[in-house]
Amino acid sequence: MTTTVLAKRSVGTNVTNFDAIIIGAGFGGIYMLKKLRDELGLKVRAFDKAAGVGGTWFWNRYPGALSDSETFVYCFSWDRELCQEWDITTRYVDQPQILSYLNHAVDRHDLRKDIQLETAITSAVFDEQTNRWSVTTDDGHQYSAKYLVTALGLLSATNVPKIKGMEQFKGKMYHTANWPADAVLEGKRVGVIGTGSTGCQVITAIAPTVDHLTVFQRSAQYTVPVGNGPVSREYVDDIKRNYDAIWQQVRSSRLAFGFEESDIPTMSVSPEERKKIFQRAWDGGGGFRFMFQTFNDIAIDEQANRAAQDFIREKIGEIVKDPETARKLMPRDLYAKRPLCDSGYYATFNRPNVSLVDVKANPIEEITEAGIRTADGAEHELDVLVFATGFDAVDGNYKRIDIRGRNDVTIKDHWSEGPSSYLSVATANFPNMFMILGPNGPFTNLPPTIETEVEWVSDMISFMEKKELACMEPDPESERQWGVTCREIADQTLFAKADSWIFGANIPGKTNSVYFYMGGLGPFRDILASVQNEGYRGFKFTSLSPSGSYAQRAQQ
Ligand code: FAD
Ligand code: NA7
């Protein structure tokens, strides 16, 4: 409440005015800044609380951090020249490579001067008198802008579970997404809680250098080899030569991962043929390729899903020497979380300095001064405890900012039943607030989805500027309908039956809701295009009437 008053009072006094304010300087914020500043000619500033640009790749500096999208599709397709100039050296990109790529893109387009770092946005309040956003930063400064673009990231707000006794631990504790430059793990007794994508990466990377590694596993994971390694000159030349065809395929595909998704049902082939196809995918590498390039129904049909599970369980049995460890590592639930891939995860458990604690069977009782005590009474002594416990995904960062729309309603209250949007880019009663990767956007390799949303938002802002429109906001019924569409599609998948961050199920107390549009990027782009072609169907605009007062009008 106090922030609202402050923000409103200060407009017109000590306030810096912009046409648009962007929050976040990752893939989304960087491209949004480029579009609004250089193509639309607006006065824009992007803010990020980080000390550098890069978003995800600024924060996630843990050992082993690697994309699971292949390099040629994990980049800015909009910068055609950069795609030609920037050499791909490995099949996937690691954190330092991506960070350096994003910094290069920022400098190449001279964007840095309009990005304010080390500045957190603490509140953003829509002023219904002026139709502008009043934005406050953690250093107390006030800004005002007609448009607010939130490029806050969907895997950005960290999840650190509250475990009894945390405050008494005498060693170091790190979350993987807030990894300090001076972290030393070599020769230490390290514990890792969490075995998701991040956990698999960090565990595999650090095992050879630490004194002892204790992995606290709550859910066993299905993971397949990533298949990373150097790429040949021909591979790179081919990608550069086929730029247009590649990106056309990516944008019209469902997952945007740069491969053709299979149209073969799992059970339509013989067991021998099935095994051969799985083996080929295992040898070739890639989690999304394994789940979606082999067969077309692993994510939707239980029998097909079981076939994929069985194949991976068999691999675990072959790789892991100790039968009891292999048993603990074998998942028994659906293979229906974001498909993981790794650089030798299961084999890591053959190392003599690695031990596995199944915390479902033997829960963590408390963190002690010296380590972790489990229910069986054992105290696992640790120098360093790593939380690879993931994120308060999708809406996490929104809830951490005091964002208020019409009638002073907070985004937290607006989303009390779970986050919602119309087409992922906007939400009712938050006029002129555009979201990049807002809730209920496509579940894909993300840069192509980010680009799609940035371009669409930029087109809408251009439309508003040309027509001298004061405000846009989605109509609540369109938003409700979009939520229903997302739910219906999600319910056709097995993902809806697995507990993961994709449905908000990873955090106690978080609304288990639908957070993604699982219809694919191609169909999503078609929907966006039809909405735009029909005069922004489902959005309401406010224009400045001839008398000077604001009048509502619905775009048909
Ligand atoms: P982010 O990169 O998350 O940037 C959001 C920014 O907003 C952050 O820098 C944050 O500091 C800033 N911010 C948030 N709140 C505030 C505030 N109040 N004030 C100021 N600044 C704020 N996706 C893929 O498609 N393929 C992959 O292989 C892949 N690998 C991943 C690996 C890891 C370890 C993680 C964590 C994510 C991965 N992702 C991957 C998802 C990844 O987040 C996206 O691909 C992409 O980087 C998101 O970009 P973004 O700009 O939308 O958000
Ligand atoms: P994830 O996929 O959410 O994984 C987090 C892991 O942490 C997972 O194994 C969780 O177990 C585990 N976890 C979370 N809380 C606890 C507690 N309290 N005790 C024990 N274990 C816990 O996050 P990631 O960072 O690995 O990956 C997120 C995405 O980022 C990924 O898809 C990439 O795109 C990058 P659970 O499975 O919930 O039982």
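Helix axes are lines fitted to C-alpha atoms over the stretch in contact, and angles run from 0 to 180 degrees between N-to-C directions. Helices (H or I, at least four residues) are DSSP runs, numbered from the N terminus. The model is predicted: local features need pLDDT of at least 70, side-chain atom pairs count only at pLDDT 80 or more, and totals for chains, interfaces and linings use all residues. Residues are numbered from 1 along each chain as its sequence is written, chains are lettered from A and ligands numbered from 1 in the order in which they are written, and side-chain values use heavy atoms, with hydrogens and water left out.

Helix α8 (residues 243–252) packs against helix α18 (residues 521–533) at an angle of about 80°. Their axes are 5 Å apart. The two helices are therefore roughly perpendicular to each other (angles under 35 degrees count as roughly parallel, over 145 as roughly antiparallel, 65 to 115 as roughly perpendicular and the rest as oblique). Val250, Arg251 and Ser252 of α8 make the contact with Leu521, Gly522 and Arg525 of α18; contact means heavy atoms within 4.5 Å. These residues divide into 2 nonpolar, 2 polar and 2 charged. Ala, Val, Leu, Ile, Met, Phe, Trp, Tyr, Cys and Pro count as nonpolar, Asp, Glu, Lys and Arg as charged, and the others, Gly among them, as polar.

Helix α9 (residues 271–284) and helix α11 (residues 302–319) pack at about 60°, with axes 11 Å apart. That makes α9 oblique to α11. From α9, the contact uses Arg274, Lys275, Phe278, Gln279 and Trp282. From α11, it uses Ala307, Ala308, Phe311, Glu314, Lys315 and Ile319. By class, the contact of α9 with α11 has 6 nonpolar, 1 polar and 4 charged residues.

The axes of helix α2 (residues 27–39) and helix α16 (residues 446–466) come within 10 Å and cross at roughly 30°. α2 and α16 are therefore roughly parallel to each other. Their crossing is right-handed. α2 contributes Phe27, Gly28, Tyr31, Met32, Lys35 and Leu36 to the contact. α16 contributes Pro447, Ile450, Glu451, Val454, Glu455, Val457, Ser458 and Ile461. The contact of α2 with α16 comprises 9 nonpolar, 2 polar and 3 charged residues.

Phe27 also takes part in the surroundings of ligand 1: one of its backbone N or O atoms lies 3.1 Å from an oxygen atom of the ligand. Such a polar contact is a pair of N or O atoms within 3.5 Å. A backbone N or O atom of Asp68 lies 2.6 Å from an oxygen atom of ligand 1. For Thr56, a side-chain N or O atom is 2.7 Å from a ligand 1 oxygen. Around ligand 1 there are 35 residues, of which Asp48, Asp68, Ser69, Tyr74 and Leu446 come nearest. A residue is counted here if one of its heavy atoms lies within 4 Å of the molecule.

Ligand 2 is surrounded by 18 residues. The closest are Thr195, Thr198, Arg218, Ser219 and Arg338. A backbone N or O atom of Thr195 is 2.9 Å from an oxygen atom of ligand 2. For Ser197, the backbone distance to a ligand 2 oxygen is 3.0 Å. Arg338 places a polar side-chain atom 3.3 Å from an oxygen atom of ligand 2.

Conventions. Left-handed = near helix turned anticlockwise from the far one by under 90°. Polar contact = N/O pair within 3.5 Å; in protein donor to acceptor, adjacent residues only side chain to side chain.
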